[in-house]
Amino acid sequence: MDERDLRILKAIADLGTGSPERIHEETDIPVSTVHYRLNNLREAGVIRNDLYDLDLDALGLGVTVLVEVLADYAGEHEDVAGTIADIEGVTTLLSTMGETDFVAVAHLPDDDAVGRLLREFERVPAVERTNSTYVIETLYDDARALSSYSLESLVAALADE
């Protein structure tokens, strides 16, 4: 990955689109080069989708719950993680250090779904205890992490020389 790739990725994050024409307007990189590099970034696994971000509130999944999971398991960490990740509504699962083994983020339609979610966690044999936090308001959520960096910082940290 070089500075041009990082300029393209930064433009995608800033613009909220992967449109080669819009990226060209933002970066002055020729459209044909943008197409070529986007394909290379997809093949390398850097770009995973076409950025069809959703407004979860508008969709009807406006209830967000954070669930800290304390587990007691003799088997594989990945097996427990897989079981938790398969719980309907869980959109993010983080493995953590310290007292908490996992943190799950769930986006749900209503309070009934919250109850169902917590009952599903209770059914996982390795889950010893959970601590749930009901999110009142999302103050900041950037699905495109690169938008929080300057291009200069990205190039300094990530570009191949």
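Helices (H or I, at least four residues) and strands (E, at least two) are here DSSP runs, numbered from the N terminus. On that basis the protein has 7 helices and 4 strands, and their order from the N terminus is α-α-α-α-β-α-β-β-α-β-α.

The structure is a predicted model, in which local features need pLDDT of at least 70, side-chain atom pairs count only at pLDDT 80 or more, and totals for chains, interfaces and linings use all residues. Residues are numbered from 1 along each chain as its sequence is written, and side-chain values use heavy atoms, with hydrogens and water left out.

Along the principal axes, the C-alpha atoms of the protein occupy a box of roughly 55 × 35 × 25 Å. The radius of gyration of the protein is 20 Å, whereas a compact globule of 161 residues would have one near 15 Å; the radius is taken over C-alpha atoms, and the globule rule is 2.2 Å times the number of residues to the power 0.38.

Contact means heavy atoms within 4.5 Å. Among contacts in the protein with a separation of 6 or more, 63% join residues 24 or more positions apart.

Of the 161 residues, 31% count as buried, that is, under 20% relative accessible area, with exposed meaning over 50% and partly exposed in between (1.4 Å probe, protein chains only). Asp5 belongs to helix H1, which covers residues 3-15. Asp5 counts as buried because its relative accessibility is 11%. Apart from neighbours within four places in sequence, Asp5 is in contact with Arg37 and Leu41.
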